[in-house]
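Here are some exercises to work through with the structure open beside you. Try each task before reading its solution.

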Amino acid sequence: MEIARYIWNSEEALELIRRGQPVVLLECPICYPAMENWTFEKIAVLLRSNFQCDVRSSYTHRFTYFDESKNQNGYNFVPPTTKMSMSFDEFNNYIRSSNVTSSSKTFPNLYLQQGLVAEMGPRILEAYKHFSLETAAYIQKVGDWDSLTNNLLLCGKSGFISQLHFDEQENLFAQLHGQKRVRLFHPENWFALYPYPFGHPCDRQSQITLPSTPGVRDLKDPMDIRRFPSFNSHDPIPIELEERYVDLEAGEILYIPQYWFHQMEGLSDNISLSWWFKHKNSTNTDVSTLCKHEISLVAVRRNLEKLLSDFAGSGRKAHNFFLSVASGLTPITYEFNGVTTIAIPKSTTTTTTTSNHHSISLEKTTTQLKRSTDCIENTTSSTHPITLESFLNFPMMPLLETDVMIGKNYLEKLENASEVNFPLWIEIAKKATSYVSLIVKPEEAPGFLQQLARGRFTFEHFAKF
């Protein structure tokens with residue numbers, strides 16, 4: 001679905017901003033008349049010649065953001081791009097070279113991502129004054145946002161793509177030069193977009209490479225089809241996924257709400273400027289307050305991951321817990337009507353098959369599940385599988401053959417490394433359900449956790465982390 005365009009101060013545009021919905025703002029004074037000074041040639045002249053800009057280098061046409069300082073959990077990680085610094089003049093001359101194309105294998109592609117700072121020099125700061133700060137403040141008030149945090153200057157060549165990701169601030173994305181295609185997904189599609197786990201260097205980035213055509217969910221790579229079933233509509237419980245997109249022209253501003261996934265693609269050589277505003281609940285960790293806003297469920301999920309990592313003593317231990325839940329190896333307890341009940345997802349099979357067609361018995365998996373249930377105290381006298389009908393909002397999803405097989409194989413690796421800790425996982429599950437029971441009904445908490453695990457941690461990628 002194409003994103004609607006409205007005159008910036010029309011009631012239609014302002015209402016969409018109030019509701020936290022994407023909208024393209026036309027004839028907005030934020031851009032006019034400032035944009036005439038924001039071309040590649042003029043920026044090269046206005047910017048202080050010795051100022052070093054932040055630039056990313058990649059041998060593909062795709063740029064994925066990462067922060068190696070976040071890798072406190074020790075994930076196996078190879079940076080997808082290289083960080084470097086250069087003057088804007090050097091950057092401009094390089095991308096103008098005929099040798100540099102989006103498909104070049106010899107010459108790396110460059111993408112400039114630079115925050116506007118005083119050190120850029122007086123001429124660029126004077127050019128910045130031509131943007132209408134009064135208009136930005138007015139839109140901020142309409143959206144009921146917090147303060148402006150920074151402006152990010154983005155410059156790239158045609159064909160370059162910034163990986164699908166979400167941000168934790170409100171964004172007025174101003175297209176100053178050239179054209180750029182923006183593709184967006186609502187935060188409720190979080191489970192189908194497979195972002196990297198909290199604490200991974202690529203935190204907030206999706207693992208999915210979107211098909212080139214907006215609205216298409218047909219993944220071609222067999223490995224991707226297996227890794228990302230919910231995106232490719234192969235999940236037992238299909239997830240509706242509506243993609244929105246727009247081809248932004250110079251002078252247009254796109255409002256990208258907090259937590260909306262978005263991917264940028266240059267349709268020509270282009271320059272953009274992001275206006276970042278904090279959301280008033282962005283630093284709030286009170287789950288009951290956060291969930292008054294639907295999109296803040298993403299914040300709740302991120303808080304939960306951090307909570308469990310802190311409780312377990314490391315993100316890797318919490319990571320193992322999520323895998324055990326996703327593959328049905330750890331039952332989840334919840335408190336309901338004063339009684340502790342155990343929820344166990346129903347398996348769709350009793351055996352599974354490897355790629356070489358050797359049958360694998362699940363007897364050991366069943367034994368491990370029994371070991372984990374033995375760790376639970378004060379439970380009801382009998383356990384019962386939870387079926388889809390049990391939960392309306394967050395159902396426990398049936399386990400697939402691949403779920404159980406991959407979870408079982410990985411758990412065997414953990415046992416060899418003496419990392420299996422069923423009592424700890426059960427305690428983590430209790431902590432988690434206690435937290436999310438402030439969001440959903442207590443009996444829905446197990447389904448919430450299972451979908452969290454299966455959405456956030458894809459099995460094929462798990463071993464690579």
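**Exercise 1. Determine whether Trp38 and Phe131 are buried or exposed.**

Solution. Next, Phe131 has a relative accessible area of 2%, so Phe131 is buried. The model is predicted: local features need pLDDT of at least 70 and side-chain atom pairs 80 or more, while totals for chains, interfaces and linings use all residues. Residues are numbered from 1 along each chain as its sequence is written, and side-chain values use heavy atoms, leaving out hydrogens and water.

**Exercise 2. Describe the aromatic pair that Trp38 and Phe131 form.**

Solution. First, take the two values: 5.4 Å centre to centre and 40° between the planes. Then classify: rings of Phe, Tyr and Trp (its six-membered ring) pair if their centres lie within 6.5 Å, with planes under 30 degrees apart stacked, over 60 edge-to-face and the rest tilted. The pair of Trp38 and Phe131 is therefore tilted. Now place the residues: Trp38 sits in the loop between β2 (23-26) and α2 (40-46), and Phe131 in the loop between α4 (122-128) and α5, so the pair ties together parts 93 residues apart in sequence. Helices (H or I, at least four residues) and strands (E, at least two) are DSSP runs, numbered from the N terminus. Finally, widen the view: Trp38, Tyr128, Phe131 and Trp275 form one aromatic cluster, and the structure holds 14 aromatic pairs.

Conventions. Buried means under 20% relative accessible area, exposed over 50%, partly exposed in between (1.4 Å probe, protein chains only).
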